[in-house]
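Hi,

Here is the structure I promised to pass on. Have a look at it first, and then read on for what turned up.

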Amino acid sequence: RAVAMSVSHSSRLNKLVREQYMRLPQGGQVQVTYVWIDGSGEGVRCKSRTLDKEPKSIEDVPEWNFDGSSTAQAEGSNSDMFLVPVCMFRDPFCLDPNKLVLCEVLKYNRKPAETNLRHTCKKVMDLVKDSHPWFGMEQEYTLLGINGHPYGWPDNGFPGPQGPYYCGVGADKVYGRDIVESHYKACLYAGVKICGTNAEVMPSQWEFQVGPCEGIEMGDHLWMARFILHRVCEDFGVVATLDPKPMTGNWNGAGCHTNYSTEEMRRDGGLKHIEAAIEKLSKRHDYHICVYDPRGGRDNSRRLTGHHETSNIFEFSAGVANRGASIRIPRQVGQDGFGYFEDRRPAANCDPYAVTEAIMRTTVLNETGVETKDYADH
């Protein structure tokens, strides 16, 4: 009874009946699902339309619009907003030839919506393209029942303390693996650059990794991976939350650790470039904390306490193989003398466009202080 109550009603609909319809031919037409980031800066929305033939590139997908007053992005009196397609994926839910299309949101005057952080990220990535920045982001998330309680946890009380759950195996160690494996397969089908997954330290908490991606591709692929996660969870009737600290107390929070390198860091002797980048980051800690979650650092303040494998939000630190530091240099990188480093500060609900843009502004464009430079005229 407890399990039945913790999942949504729609997940208990007969999926075999749905399959009967999904197998029907489409007559050469294609269903395209447009996906965008809403006014919260965290949520994703979607809607679908029919095209007469399969789009072969993003240029074949027309612009569209939506009611921004219903997504906290516009006033009702002037609510139409533009959806500008930027990245196309195969649709793992409706299958080929259908598509998922990630879109930027523009306001009525064609200026980027407030939560369209891709717009400035793209400008910055174009400026620094000769440095060939690679990113890999580790997306932690927590599965909740429809009642908001961590999925699989006792109705009244808590599971045993942390220890056996990280990368765990067994019905008493992990909850919701079906969701994780379905998400992984769906991302591979879609063409998302997912590169791994594992159970995390808190029970019912998981992580998937996306990368390596170059430049703007990092944000595009992580946002689509998030959309696919929420959509898979919908089928199973549970909720995936990216809250950085879903459970108070002696439980790990959820981050989005960001691995980063430039071409010169990946070459022999690259460690000196890694150390130079970390030195620049050390002098701009407050700026990065402000953009590493959607609420200017308030979300991360619940997570970055200096405990549970985190650094303290008020202090910058770096070290080799140190998971309690702001920046971790992997041990292998320290031994090889080249490679990448990991910024452990971004919150699970960060915008990857904001995070990757900030890293490039500081480490390659050499910005300092809390203000950012506008490169629109360059």
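Predicted model: local features only at pLDDT ≥ 70, side-chain atom pairs only at ≥ 80, totals over all residues.

You'll find G319 in strand β11, which covers residues 318–320. If you skip the neighbours within four places in sequence, G319 is in contact with A325, I327, R328 and I329. For a sense of distance, take A358: G319 and A358 are 39 residues apart in sequence, and their C-alpha atoms are 21 Å apart in space.

Now the overall layout. The domain assignment of the chain gives domain 1 (10–115) and domain 2 (125–364). Taken over C-alpha atoms, the centres of domain 1 and domain 2 are separated by 26 Å. Their contact takes 21 residues from domain 1 and 23 residues from domain 2.

The largest pocket holds about 510 Å³ of space. It is lined by 26 residues, and those closest to its centre are L117, T120, V291, A354 and E357. The one that gives the most is α11, with four residues. Sorted by class, the lining of the largest pocket has eleven nonpolar, seven polar and eight charged residues.

Where does the largest pocket lie relative to domain 1 and domain 2? It lies between them, because both domain 1 (10–115) and domain 2 (125–364) give residues to its lining.

The second largest pocket has a volume of about 340 Å³. Of the 23 residues in its lining, E140, E200, E207, H257 and R323 are the closest to the centre. Here β6 (134–144) and β10 (256–261) are the elements that give two or more residues. By class, the lining of the second largest pocket comes out as five nonpolar, eight polar and ten charged residues.

Next, a hairpin. Strand β7 (residues 194–199) and strand β8 (residues 205–214) run antiparallel and are joined by five bridges. To see one of the pairings, go to G196, whose bridge partner in β8 is Q209. The hairpin that β7 and β8 form has five residues between the strands, and S204 in the turn has a positive phi of about 75°.

Strand β8 also contains P212, and the peptide bond from G211 to P212 is cis, with omega near -5°. Another cis peptide bond runs from D96 to P97, with omega near 10°. In that case the proline, P97, sits in the loop between β4 (80–90) and β5.

Finally, a couple of backbone angles to check. R110 is not a glycine, yet it has a positive phi of about 70°. You'll see R110 in the loop between β5 and α3, and it counts as partly exposed because its relative accessibility is 42%. H308 is not a glycine either, and its phi is positive too, at about 55°. The place to look for H308 is the loop between α9 (298–301) and β11. With a relative accessible area of 23%, H308 is partly exposed.

Cheers

Key:
Residues numbered from 1 in each chain as written. Heavy atoms only, no water. Contact = heavy atoms within 4.5 Å. Pairing = 2+ DSSP bridges. 1 Å grid on protein atoms, 1.4 Å probe; cavity = no way out; pocket = protein on both sides within 12 Å on 5 of 7 lines; lining within 4 Å. Points joined across faces, edges and corners; volume = space filled by probe spheres on them. Nonpolar A, V, L, I, M, F, W, Y, C, P; charged D, E, K, R; others polar. Domains from an automatic or database assignment. Buried < 20%, exposed > 50% of the residue type's maximum accessible area, 1.4 Å probe, protein only.
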